[in-house]
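Have the viewer open as you read along.

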Amino acid sequence: MYRLHIEIRGLTASFRVPYMYKYHRSLPLPPYTSVVGMFGAAIGKDMAAAQEIFKSLELKVGIAGSYKGGCNDTWRVFTTKNPENDVLERQILFKPEYHIVFYGQESSIRICQRAFLYPVYPLSLGRPDDLANAKVYEVVEC
């Protein structure tokens, strides 16, 4: 088994909790689907293709991290005829720092390392506006 450690940082992040209607609370860490989405952006594939590739590489993932603070951002979304229902709150996390560790076979880890060193599309932390920087460490044999 081999291990790849990637440090992801950004100015803001927001990982919406599913099924929250009026208040979009954020998860404190990126969920598995967001990590697969970042991998997909790095290799230049859409979410469906990224999920298939990620599954075929048999990668295992561990995530740890923190953020410096947060706030609620008021949004107005024109989706209904009643303007009072168009206002929602979204939780924004400031200065997040996440450590993502990938485990797997050497060939799979090398593909992952190459993708995050030279991403095809920008990496984001939840929303497309939440751009991220990645610091990729050396691959280690476990």
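Which residue in strand 7 is the bridge partner of Ser66? In this predicted model, Ser66 is bridged to Glu97 of strand 7.

## Strand 7 and its partners

That bridge brings us to strand 4 (60-66), which pairs with strand 7 in the antiparallel sense over 7 bridges. Strand 7 spans residues 97-104.

Strand 7 also runs antiparallel to strand 1 (residues 2-10), and 8 bridges join the two.

## Two positive phi values

Most residues other than glycine have a negative phi. Glu58 has a phi near 55 degrees and sits in the loop that links helix 2 (47-57) to strand 4. Glu58 counts as exposed because its relative accessibility is 56%, over the 50% cut-off.

Lys95 is the other stop here, with a positive phi near 50 degrees. You will find Lys95 in the loop between strand 6 (87-94) and strand 7.

## The cysteines

How many disulfides does the structure hold? The count is 0. Cys112 is in no disulfide, and the nearest cysteine sulfur, that of Cys142, is 14 Å away; a disulfide would need the two sulfur atoms within 2.5 Å.

Is Cys112 buried or exposed? Cys112 counts as buried, because its relative accessibility is 0%. Cys71, with a relative accessible area of 33%, is partly exposed.

How values were computed
Residues are numbered from 1 along each chain as its sequence is written. This is a predicted model: local features need pLDDT of at least 70, side-chain atom pairs count only at pLDDT 80 or more; totals for chains, interfaces and linings use all residues. Side-chain values use heavy atoms; hydrogens and water are left out. Helices (H or I, at least four residues) and strands (E, at least two) are DSSP runs, numbered from the N terminus. Buried means under 20% relative accessible area, exposed over 50%, partly exposed in between (1.4 Å probe, protein chains only). Two strands pair if DSSP finds at least two bridges between them.
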